[in-house]
Amino acid sequence: MHTSDTLYALSTPTKIGKVILVGAGPGDPDLLTVKALRVIQQADAIIYDRLVSDEIIALFRPHSQLIFVGKQAGNHCVPQQQINNLLVEHALAGKQVVRLKGGDPFIFGRGGEELEALLPFNIPFEVVPGITAASGCAAYAGIPLTHRDHAQSVQFITGHLKQGQDQIDWLSLARAKHTLVFYMGLNQSSVIRHKLSAYGMSLTTPIAIIERGTTIHQRVLTGELAQIDILAQQAASPALIIIGSVTQLSQQLNWFQQQTDSMTHIEQCIELYG
């Protein structure tokens, strides 16, 4: 693996390649955009994250070079600088590189940082947006993020809070009539509860945690802000935390769970009766 210093010393090839930053969406391969699928299947190299589903990986063409750089809380298997170096190295080798990220690469995906790393090398790049986890998972859980009777605004917040560097405006978040969506918030559930309640949000505020949203393994846990710690302990990553009265609508609008249950019932009948 080349270090950053070594990369600067690489000789420029006759033809520099290109990096295409692609959002893979929240998991369901049918939620890939047409353009995302096209560039994935044209790629010479695909550098992809842990949140890219197996069903999407199955769409990679056989001859593409695959490089896994997955990260999860507390276990960064490939440091960010090394990922940046990989992008530069393969593009300077003349390859069309797809940098594939779960959700949308410009929403808590460090997509901007990775493109900035290409600038000193004059590497051309393109961005293919994806359906972000908040909108995709909420839709599959039957939770409208805005609703005239419940929420007039929605905010996306990172739950990956660095110790001693909390710059979140909790007072603003604690106000009523809007929806909060916390990405990567399971490990910070107690902090979220404490901060929101300290700034005035009622502990009876409805919440939902969506685990592995848009996939056949999706699970929706609902309750109140007071219960967020308990629910978070029951959930597995990747998961989203949604806070606000819109989450109550999941009981009536959770079409995907109803569809999944129906398919499971049909499969069980076929297995029993042939």
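I take strands to be DSSP runs of E with at least two residues, numbered from the N terminus. The model I am reading is predicted.

Entry 1, the sheet. I looked up the strand order and found an open sheet of 5 strands, β3-β2-β6-β1-β7, with parallel pairing. β3 and β7 are the edge strands; each has a single partner strand, so one side of each lacks a neighbour in the sheet. From one strand to the next, the twist averages 20°.

Entry 2, strand β2. I went through residues 45–48 next. Ala 45 and Ile 47 point one way from the strand, Ile 46 and Tyr 48 point the other way, and all are buried. β2 pairs with β3 (residues 65–68) in the parallel sense over 4 bridges, and Leu 66 is the bridge partner of Ile 46 there. Another 4 bridges join β2 to β6 (residues 96–101), again running parallel. In β6, I found Leu 100 opposite Tyr 48.

I checked what α4 (residues 80–92) covers: the helix lies across β1, β2, β3 and β6. Its angle to β6 is about 155°.

Entry 4, Phe 125. I placed Phe 125 in strand β7, residues 125–128. β7 pairs with β1 (residues 18–23) in the parallel sense over 4 bridges, and Val 19 stands opposite Phe 125.

Conventions:
Residues are numbered from 1 along each chain as its sequence is written. This is a predicted model: local features need pLDDT of at least 70, side-chain atom pairs count only at pLDDT 80 or more; totals for chains, interfaces and linings use all residues. Side-chain values use heavy atoms; hydrogens and water are left out. Buried means under 20% relative accessible area, exposed over 50%, partly exposed in between (1.4 Å probe, protein chains only). Two strands pair if DSSP finds at least two bridges between them. Axes are lines fitted to C-alpha atoms, for helices over the stretch in contact, and angles run from 0 to 180 degrees between N-to-C directions. Contact means heavy atoms within 4.5 Å.
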